[in-house]
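The following exercises are to be worked with the sequence and the model at hand. Each task is followed by a solution in steps.

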Amino acid sequence: MIINSAEFVISNVDYKKCPVSELPEYAFIGRSNVGKSSLINMLTGKKDLAKTSSKPGKTLLINHFIINEQWHLVDLPGYGYAKASKTMRDKLKGIIEGYVLFRQQLTNLFVLVDSRLAPQQIDLEFMEWLGEQEVPFSIVFTKGDKQSTSQLNANVMAYKKKLIETWETLPPIFVTSAEKGFGKDDILNYIESINAQIENV
Ligand code: GTP
Ligand code: MG
């Protein structure tokens, strides 16, 4: 898929205030600082579209972007920012859960995990919860440029092995670098193929 246009639409704290629209929607979630906003900028080719920061806790709202006037892309706040107050963490959890559970247009959630780390309990539990709630999701490994290709491949293999312990089938998996741009076509083509299926229904 070629991105011809990518525009910010609106930010919200509440899924109920999100745009009234029938367009398919793809959202990006994961731990704070994992690289959600950077990935969105890489995918759209607009480096300042979503706000990024080297400090965790940058994105605190549900941010809608419209792509090619055909589908919505959504940047979500991160979960599990250990240094945030409990009140803040609970608030973000409420925003994320409300959006994930009740946003009818949500077509696929991309769950981002840091490719350098061993599987983290918080991510595995979040995916289990998605499974229980029957929310379709894919896994995106981020920051692939921050280690050697062989280490990256070994980490992805180890992650799959861990998932196979609890999942019968693996979700789609993408390996990316916002810095180097790899993984872009895989993700955009995946979104395009789902959009095409929806159109044909
Ligand atoms: P919150 O909004 O706080 O939840 O964070 P986020 O998940 O949106 O992360 P963000 O995109 O703001 O990136 C966090 C930091 O990681 C920034 O300093 C980015 O430059 C860096 N980063 C993100 N993706 C990559 C990547 O693929 N490679 C490298 N080298 N750095 C990355
Ligand atoms: Mg962000």
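**Exercise 1. Contacts along the chain**

Task: Determine what share of the contacts in the protein between residues at least 6 apart in sequence join residues at least 24 apart.

Solution: The model is a predicted one. A contact requires heavy atoms within 4.5 Å. Among the contacts between residues at least 6 apart in sequence, 74% join residues at least 24 apart.

**Exercise 2. Elements and overall dimensions**

Task: State the order of the elements of the protein from the N terminus on, and compare its radius of gyration with the globule rule.

Solution: 
1. The protein contains 5 helices and 7 strands.
2. Read from the N terminus, these elements follow the order β-β-α-β-β-α-β-α-β-α-β-α.
3. The radius of gyration is 16 Å, close to the 17 Å given by the globule rule for 201 residues, so the protein is as compact as a globular protein of that length.
4. Along the principal axes, the C-alpha atoms fill a box of roughly 40 × 40 × 35 Å.

**Exercise 3. Surface and charge**

Task: Describe burial, accessible surface and charged side chains for the protein as a whole.

Solution: 
1. A residue is buried under 20% relative accessible area. Of the 201 residues in the protein, 46% are buried.
2. The accessible surface comes to about 10,700 Å², and carbon and sulfur atoms account for 50% of that surface.
3. There are 23 positive and 23 negative side chains, and the centres of these two sets lie 10 Å apart.

**Exercise 4. Two aromatic pairs**

Task: Classify the pair Tyr 79 and Phe 126 and the pair Phe 174 and Tyr 190, and locate the partners.

Solution: 
1. Rings pair if their centres lie within 6.5 Å; planes under 30 degrees apart are stacked, those over 60 are edge-to-face, and the rest are tilted. By this rule the count is 11 aromatic pairs.
2. The ring centres of Tyr 79 and Phe 126 are 4.7 Å apart and the planes stand at 35°, so this pair is tilted.
3. This pair links distant parts of the chain, 47 residues apart: Tyr 79 belongs to the loop between β4 (71-75) and α2 (86-102), and Phe 126 to helix α3 (residues 121-132).
4. Tyr 79 has a relative accessible area of 9% and is buried; Phe 126, at 12%, also counts as buried.
5. Phe 174 and Tyr 190 form a tilted pair, with 5.2 Å from centre to centre and 55° between the planes.
6. Phe 174 lies in strand β7 (residues 173-175) and Tyr 190 in helix α5 (residues 184-200), so the pair ties together parts 16 residues apart in sequence.
7. Phe 174 is buried at 7% relative accessibility, while Tyr 190, at 22%, counts as partly exposed.
8. Phe 174 and Tyr 190 belong to one aromatic cluster with Phe 28 and Phe 110.

**Exercise 5. Two individual residues**

Solution: 
1. Asn 195 is placed in helix α5.
2. Leaving aside neighbours within four places in sequence, Asn 195 is in contact with Pro 24, Tyr 26 and Trp 71.
3. Gly 94 is placed in helix α2. With 43% relative accessibility, Gly 94 counts as partly exposed.

Technical notes: Residues numbered from 1 in each chain as written. Chains lettered and ligands numbered in written order. Predicted model: local features only at pLDDT ≥ 70, side-chain atom pairs only at ≥ 80, totals over all residues. Heavy atoms only, no water. Helix = DSSP H or I, 4+ residues; strand = E, 2+ residues; numbered from the N terminus. Rg over C-alpha atoms; globule rule 2.2 N^0.38 Å. Buried < 20%, exposed > 50% of the residue type's maximum accessible area, 1.4 Å probe, protein only. Areas by Shrake-Rupley, 256 points an atom, 1.4 Å probe, with all protein chains shown as cover. Lys, Arg positive; Asp, Glu negative; His and termini not counted. Charge placed at Lys NZ, Arg CZ, Asp CG, Glu CD. Phe/Tyr/Trp six-rings, centres within 6.5 Å; stacked < 30°, edge-to-face > 60°.
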